[in-house]
Amino acid sequence: MPLPSGGADFKYGCTIALPAQAGQRVNGEILINAHFDFIVRRVTWDYFTRTGVPPKVRLTWRDNRRAYLDRKALIGAVFGNPGDDYPFTTGLLLRRGNTISFELDTLEDNNEGSIDIVLHGVELRPQDEG
């Protein structure tokens, strides 16, 4: 099924602060607009750490109804390298008003900083039913 062409290009993002200790769990959320469904076409992520070294974290993400991973995986295995696009071939439909939750587990000490996750896609305008 091809991606819909209607709607406005849009981005949703969140920044998740990373603690300095390994074994910590941190969360971030994105609330999808209550009026428009959203189709994710690609995901990007980037980071900031005091050391300049990419953080080692395991990630899972889900919305109100389903998990997108059965178990946690390294963020690079899920979304590719920092700064690169992770494209969705057919798009991923997120329903209006859903909350997308990201949960990260830190795997190393002394690498505090933050991770930015951005969902790129298109908002779908409701069709006239009249």
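The model is predicted, so local features need pLDDT of at least 70 and side-chain atom pairs count only at pLDDT 80 or more, whereas totals for chains, interfaces and linings use all residues. Residues are numbered from 1 along each chain as its sequence is written, and side-chain values use heavy atoms, with hydrogens and water left out.

Next, centre on β7 (residues 99–106), in which 7 of the 8 residues are buried; buried means under 20% relative accessible area, exposed over 50%, and partly exposed in between, with a 1.4 Å probe and protein chains only. Strand β2 (residues 25–31) pairs with β7 over 7 bridges, and L31 has T99 as its bridge partner there. Strand β4 (residues 57–62) pairs with β7 over 6 bridges, with R62 bridged to S101. Moving on to β5, 2 bridges join this strand to β4, and R58 has L74 as its bridge partner.

**The core and F102**

Now display the largest nonpolar core, which has 27 residues; those with the most contacts inside it are W61, F79, L94, F102, I117 and L119. Such a core is a set of buried Ala, Val, Leu, Ile, Met, Phe, Trp, Tyr and Cys residues joined through side-chain atoms within 4.5 Å. Among the elements that give two or more residues to this core are β1 (8–18), α1 (75–79) and β8 (113–124).

Select F102 and its surroundings. Leaving aside its neighbours within four places in sequence, F102 is in contact (heavy atoms within 4.5 Å) with residues including C14, V26, L59, W61, F79 and I117.

**The aromatic rings**

Ring pairs link W61, Y68, F79, Y86, F88 and F102 into a cluster. Rings of Phe, Tyr and Trp (its six-membered ring) pair if their centres lie within 6.5 Å; planes under 30 degrees apart count as stacked, over 60 as edge-to-face and the rest as tilted. Zoom in on F79 and Y86, an edge-to-face pair at 6.1 Å centre to centre with 65° between the planes. F79 is buried at 1% relative accessible area, whereas Y86 is partly exposed at 34%.

**Two loop residues**

Go to F36 in the loop between β2 and β3, where this residue is buried at 17% relative accessibility. F36 and V122 are 86 residues apart in sequence and 9.5 Å apart in space, C-alpha to C-alpha. Then select N110 in the loop between β7 and β8; N110 has a positive phi of about 60° although it is not a glycine, and is exposed at 62%.

**The salt bridges**

The structure holds 9 salt bridges, each a side-chain nitrogen of Lys or Arg within 4 Å of a carboxyl oxygen of Asp or Glu. Select R42 and D85, whose closest N and O atoms are 2.6 Å apart. This pair links strand β3 to the loop between α1 and β6, across 43 residues. Finish at R66 and D63, with closest N and O atoms 3.8 Å apart; elsewhere, salt bridges that share partners join R25, K72, E103 and D105 into one network.

Conventions: Helices (H or I, at least four residues) and strands (E, at least two) are DSSP runs, numbered from the N terminus. Two strands pair if DSSP finds at least two bridges between them.
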